[in-house]
Amino acid sequence: MFDYDLLVVGSANADLVIDVERRPAAGETVLGGDLAVHPGGKGANQAVAAARLGADTALLARVGDDAHGRLLLDSLRAAGVDTVGVLVGEAPTGVALITVDPSGDNSIVVSPGANARLAPADVRTAVSLFLASRVVSTQLEIPLETVVEVVRNLAPGSRLVLNPSPPRPLPTEVLAACDPLIVNEHEARVILGGACVSEDPEDWARLLLAKGPRSVVVTLGAEGALVCDSSGVARVASVKVDAVDTTGAGDAFTAALAWRLATGADLADAAAYAARVGAAAVTRRGAQESYPTPEQVETL
């Protein structure tokens, strides 16, 4: 019935990365290392990560008719992603400005560029991709109205995975379709807003589930993750590694989880596998360049 394990609808950016000894405070200038340019963006990252793991993957996104756009298309195709849904033009390719400190932590500023032009009409035009996809994954580096249109075009029997990053309040229609909603601590607090009355992540998971998603995953970095559905909350253990660069690790986690769900795994098993993929990704620099093959995941 389905030609693709995973359809990713989302952003495609060029990541401009500089290593710094420490991230600057307000009004401060610090010197960094040499500028490196990598293919990135949450949508493209997830597509590459899933394809590298073996998922039949397509991407619906928009890039500019420029060098950064060509870099992204080359990276996607090299990973085995079907780029039939990648639209070209209307604005320059999106750019992410990233600083990475010696611990591997990063700070990111995104200029959406062409990502902001991925419109609801583009989703409707690509309805054949939705009908052919077992799982659809999306994020919020594209317009929210486009995400709403994604929900309205899901095929019967398919499943939606949403990472609401950067976070913002979500319509009831979108929340109700999430299976799961994947959030980190910051995203959980933003979406819960005034309902975030606890410092316990297990409470966040339950409160988020009460907002309407079919299931919830709360990622906790080195502390692992929580999965929550109508049966309750379960903890997923982390994998201990020496982190080099955390850029794109959350995208690797989301992609791996979505793919495992497409293969029929339950949510806890999918999250446990995703934790191993995310751990493997942080041991190498860059986003897409760091994403592991199945063999590399097994070495953990």
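Biologist: Is G212 buried, exposed or partly exposed?
Modeller: In this predicted model, G212 counts as partly exposed, because its relative accessibility is 34%. That value falls between the 20% cut-off for buried and the 50% cut-off for exposed.

Biologist: Where is G212 found?
Modeller: Look at the loop between α8 (201-210) and β11 (216-219), and you will find G212 there.

Biologist: And what does G212 touch, leaving out residues up to four places away in sequence?
Modeller: G212 touches L175 and A176.

Biologist: How far apart are G212 and P292?
Modeller: In sequence, G212 and P292 are 80 residues apart. In space, the two C-alpha atoms are 33 Å apart.

Biologist: New topic, the inside. How many residues does the largest nonpolar core have?
Modeller: The largest nonpolar core has 47 residues. Those with the most contacts inside it are L59, L76, V81, V217, F253 and L257.

Biologist: Which elements supply at least two residues of this core?
Modeller: From the helices, α1 (42-53), α2 (67-79), α9 (249-262) and α10 (267-281) each supply at least two.

Biologist: Which gives the most?
Modeller: That is α9, with nine residues in this core.

Biologist: You mentioned V217. What does V217 touch?
Modeller: Not counting residues up to four places away in sequence, V217 touches P180, L181, I182, V183, A225, L226, V227, F253, L257 and L267.

Biologist: What else is there in the way of cores?
Modeller: There is a second, separate core of 41 residues, and A58, A126, V216 and L220 are included in it.

Biologist: Back to α9. How do the axes of α1 and α9 cross?
Modeller: They come within 8 Å and cross at roughly 50 degrees. That angle makes α1 oblique to α9. The crossing of α1 past α9 is right-handed.

Biologist: Which residues make that contact?
Modeller: From α1, the residues are K42, N45, Q46, A49, A50 and L53. From α9, they are D251, A252, T254, A255, A256 and W259. By class, this contact of α1 with α9 has seven nonpolar, three polar and two charged residues.

Biologist: On α1 I see A49, A50 and L53 in that list. Why would residues three or four places apart in a helix point the same way?
Modeller: An α-helix has 3.6 residues a turn, so residues with that spacing point the same way.

Biologist: At what angle do α1 and α2 pack?
Modeller: The angle is about 20 degrees, with the axes of α1 and α2 8 Å apart. The two helices are therefore roughly parallel to each other. Here α1 passes α2 in a left-handed crossing.

Biologist: And who makes the contact there?
Modeller: On the α1 side you have A44, A47, V48, A51 and R52, and on the α2 side L72, S75, L76 and A79. Seven of the contact residues of α1 with α2 are nonpolar, one is polar and one is charged.

Biologist: What about α9 and α10, at what angle do their axes cross?
Modeller: They cross at roughly 145 degrees, and the axes come within 8 Å. This crossing of α9 and α10 is right-handed. The contact includes F253, L257 and W259 of α9, and L267, Y273 and V277 of α10. By class, the contact of α9 with α10 has 15 nonpolar, one polar and one charged residues.

Biologist: Last topic, the backbone. Which peptide bonds are cis?
Modeller: Among them is the bond from S165 to P166, with omega near -5 degrees. P166 is in the loop between β9 (159-163) and α6 (172-177). A cis bond also joins D179 and P180, with omega about 15 degrees. P180 has its place in strand β10 (residues 178-183). Most peptide bonds are trans.

Biologist: And what is phi of E90?
Modeller: Phi of E90 is near 85 degrees, a positive value in a residue other than glycine. E90 is in the loop between β5 (82-88) and β6 (94-100). With a relative accessible area of 61%, E90 is exposed.

Terms used: Residues are numbered from 1 along each chain as its sequence is written. This is a predicted model: local features need pLDDT of at least 70, side-chain atom pairs count only at pLDDT 80 or more; totals for chains, interfaces and linings use all residues. Side-chain values use heavy atoms; hydrogens and water are left out. A nonpolar core is a set of buried Ala, Val, Leu, Ile, Met, Phe, Trp, Tyr and Cys residues joined through side-chain atoms within 4.5 Å. Buried means under 20% relative accessible area, exposed over 50%, partly exposed in between (1.4 Å probe, protein chains only). Helices (H or I, at least four residues) and strands (E, at least two) are DSSP runs, numbered from the N terminus. Contact means heavy atoms within 4.5 Å. Axes are lines fitted to C-alpha atoms, for helices over the stretch in contact, and angles run from 0 to 180 degrees between N-to-C directions. Angles under 35 degrees count as roughly parallel, over 145 as roughly antiparallel, 65 to 115 as roughly perpendicular and the rest as oblique. A crossing is left-handed if the near helix is turned anticlockwise from the far one by less than a right angle, and right-handed if clockwise. Ala, Val, Leu, Ile, Met, Phe, Trp, Tyr, Cys and Pro count as nonpolar, Asp, Glu, Lys and Arg as charged, and the others, Gly among them, as polar.
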